[in-house]
Amino acid sequence: MTALQIRSFRFRPLLGLLLAPLGLISVSASAQSLGVCSSFYSSGFTLTQGKVNPTMPSLAKPAKGAVLKEPNFNTCLVRATVHDTEPPSTFARTDYSRRQSFNANNTYFIVYSNDGWWHLYNATTLQYLRKLSPKVANSSISSEFHLAGDAEPHWHPTDPNSLYYVPNNGGTKLLKLDVRTNTHTIAADFAGKLPSWGSSAAHIWSKSEGSPSADGRYWGFQVENSSFGLLGYMVWDLQNNRLVGSRQDNSRPDHSSMSAAGRWYITSSDTTGTWAWSPDFTKKKKLHNKSEHSDMALGPNGQDYYVSVDYQSSAGDVFFTDIDACPAVAASVTTAPVCPRTVLFPSYINGAATAMHFSGKGFSKPGWMIWSTYATTASRDGSWPWFTNKIYAVELKANPRVYPIAYTRRTESAGGYWSEPHATVSRDFTRIAFNSNWGVNNADDIDTYIVHIPQSALPGGTTTPTSSRVTGGNLPPVLSAAAVSSGAQASQSPGSDAGTASSTVTDTATDAGTGGEPARFVSRGERVLRSGALLVRNMALLDGTSIRAALWSLPGASLFDDDDTFELESEREKKRNRR
């Protein structure tokens with residue numbers, strides 16, 4: 001080795017330390033391990049198991065980056081953002097439980113802020129890096145390629161530097177951003193690829209809550225016109241850059257998504273129920289009579305699972321459905337029995353109830369999900385249920401093992417919708433990001449917190465199992481490279497009208513009684529803020545303070561401190577309408 005090589009070798013680690021925080025190079029997942037928590041855990045650490053509810057001791061709000069031992073569950077808890085000194089204005093929060101905050105190798109994470117921008121952080125050092133959008137690099141870039149507001153960003157499954165997104169509220173292209181340079185490319189152009197019913201398509205998106213398949217290959221979208229009227233649905237194969245299937249429809253769902261394994265496209269509606277469609281839209285399965293908070297996950301053997309809650313059941317069942325195992329019906333039918341489900345546990349306990357979100361994004365730990373609860377109410381006897389305002393790792397099986405991860409320490413009266421925890425888990429299940437106002441009664445004081453756990457802390461596999469890709473309906477097997485080169489045809493040619501007959505699904509099934517227990521609820525103040533989220537998203541680049549002032553001027557804003565009064569949640573107010 002020459003003297004020059006020796007000097008280069010010696011300075012390489014130092015160079016990495018200098019450049020990695022700036023986002024100019026990536027740190028390998030093995031090198032960064034658990035980031036600031038890398039030396040926290042002793043060998044053989046295991047999580048606390050059980051449905052326990054220990055008294056939560058008071059805990060001062062930690063400084064950013066300070067390693068904190070969660071006092072009840074011994075996990076490594078870190079405040080990851082500090083919005084009052086970093087560029088994100090008003091708050092810096094993980095966007096949603098169904099959206100992955102962490103990239104493929106846990107070297108970056110993203111947050112959303114009230115300023116309408118998405119922001120990038122180094123997940124190893126927690127250093128703030130930059131706003132994310134081609135407009136950061138070039139202000140003259142067309143808004144068609146801008147990443148802001150409801151752009152639905154999704155990390156590439158293997159490339160840690162790439163982020164897929166659509167324009168705010170969707171457009172006619174799927175875009176890809178290099179987060180190191182804020183340069184973009186067009187991953188897929190849907191213009192002219194749909195049947196004639198989609199000729200007026202202007203907003204192609206999942207309406208905020210959808211995700212591609214775990215491998216990033218299959219993407220499901222709802223297709224809407226310039227007035228956000230539903231035209232139909234589509235499934236896209238990004239690997240082969242082709243339309244897999246499409247269907248004309250005019251009953252707009254609350255949101256839609258691909259399943260984790262990519263075998264089903266899910267539409268979730270309070271009007272027609274939640275359905276799993278085959279990618280060619282020839283068959284479907286009914287997953288739920290309603291549209292509730294939910295997520296898709298992988299089962300222990302690669303099954304496609306749907307995880308949700310049934311607030312209409314007598315016990316408020318938290319459950320999962322093996323979509324693959326459910327019998328299918330023809331796409332044209334209007335009613336069908338709800339798929340068999342496995343109940344995990346009840347959420348109505350002696351009058352107690354809770355709101356909740358699910359994250360099935362830990363694809364490398366199949367058979368597990370993250371469950372976060374908030375707005376929990378006490379039992380009739382005044383005691384608090386085991387699931388009070390915490391984050392849990394839950395096994396997806398009957399009589400599951402349950403592991404509490406952390407208290408969320410959220411003041412219910414401050415922040416409304418934005419302060420809901422919305423916990424989301426990394427692919428390898430070593431990081432759980434969540435939002436909290438940390439007991440501060442200030443609607444704007446919301447940051448992202450991360451719990452780091454060793455991958456071995458939970459039982460079960462640590463890699464996504466290999467399973468045969470079975471297709472729903474009549475979709476043929478994925479073509480081999482040899483078949484493609486020989487000119488074999490896909491099931492549906494882009495632009496054809498085959499298999500796209502108009503069909504509006506109508507659900508005539510009745511809901512189970514509630515047994516006198518609470519139905520879906522939300523505080524009045526939170527409902528006002530949820531409706532205000534629409535304004536925030538569509539005014540993405542305006543000053544956050546001005547936007548916030550506008551929200552506070554809305555009728556009913558004085559009710560933000562009313563966390564003890566709950567009312568039934570109407571269909572319009574049920575989830576974020578961020579259009």
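**View 1. Y108 and W155, two buried aromatic residues.** Y108 is buried, and W155 is buried too. The residues belong to a predicted model. Across the whole structure, a search finds 34 aromatic pairs. Y108 sits in strand β4 (residues 108-113), W155 in strand β7 (residues 154-155). The pair therefore ties together parts that are 47 residues apart in sequence.

**View 2. F345 and W371, a tilted ring pair.** The ring centres of F345 and W371 are 4.8 Å apart. Their planes meet at 50°, so the pair counts as tilted. F345 lies in strand β23 (residues 342-346). W371 lies in strand β25 (residues 368-377). The pair links distant parts of the chain, 26 residues apart. F345 and W371 are both buried.

**View 3. An aromatic cluster that includes Y417.** Ring pairs join F91, Y112, W118, Y417 and W418 into a cluster. Y417 is located in the loop between β27 (402-407) and β28 (424-425). Y417 has a relative accessible area of 2%. Buried means under 20%, so Y417 is buried. Further along the chain, A443 is 26 residues from Y417. The C-alpha atoms of Y417 and A443 are separated by 9.8 Å.

**View 4. K284 over the face of W275.** Here a lysine meets an aromatic ring. K284 lies over the face of W275, at 4.3 Å from the ring centre.

**View 5. R341 over the face of F319.** In this view the charged residue is an arginine. R341 lies over the face of F319. The distance to the ring centre is 3.8 Å.

**View 6. An open sheet of 4 strands.** The strand order is β11-β12-β13-β14, and the pairing is antiparallel. Strands β11 (203-205) and β14 (242-248) form the edges. Each edge strand pairs on one side only. From one strand to the next, the twist averages 25°.

**View 7. The β13 and β14 pairing.** Strands of a sheet pair through backbone hydrogen bonds, either parallel or antiparallel. Strand β13 (residues 230-237) and β14 run antiparallel. They are joined by 6 bridges. D237 has R242, in β14, as its bridge partner.

Technical notes: Residues are numbered from 1 along each chain as its sequence is written. This is a predicted model: local features need pLDDT of at least 70, side-chain atom pairs count only at pLDDT 80 or more; totals for chains, interfaces and linings use all residues. Side-chain values use heavy atoms; hydrogens and water are left out. Rings of Phe, Tyr and Trp (its six-membered ring) pair if their centres lie within 6.5 Å; planes under 30 degrees apart count as stacked, over 60 as edge-to-face and the rest as tilted. Helices (H or I, at least four residues) and strands (E, at least two) are DSSP runs, numbered from the N terminus. Buried means under 20% relative accessible area, exposed over 50%, partly exposed in between (1.4 Å probe, protein chains only). A charge sits over a ring if NZ of Lys or CZ of Arg is within 6 Å of the ring centre and within 35 degrees of the ring normal. Two strands pair if DSSP finds at least two bridges between them. Axes are lines fitted to C-alpha atoms, for helices over the stretch in contact, and angles run from 0 to 180 degrees between N-to-C directions.
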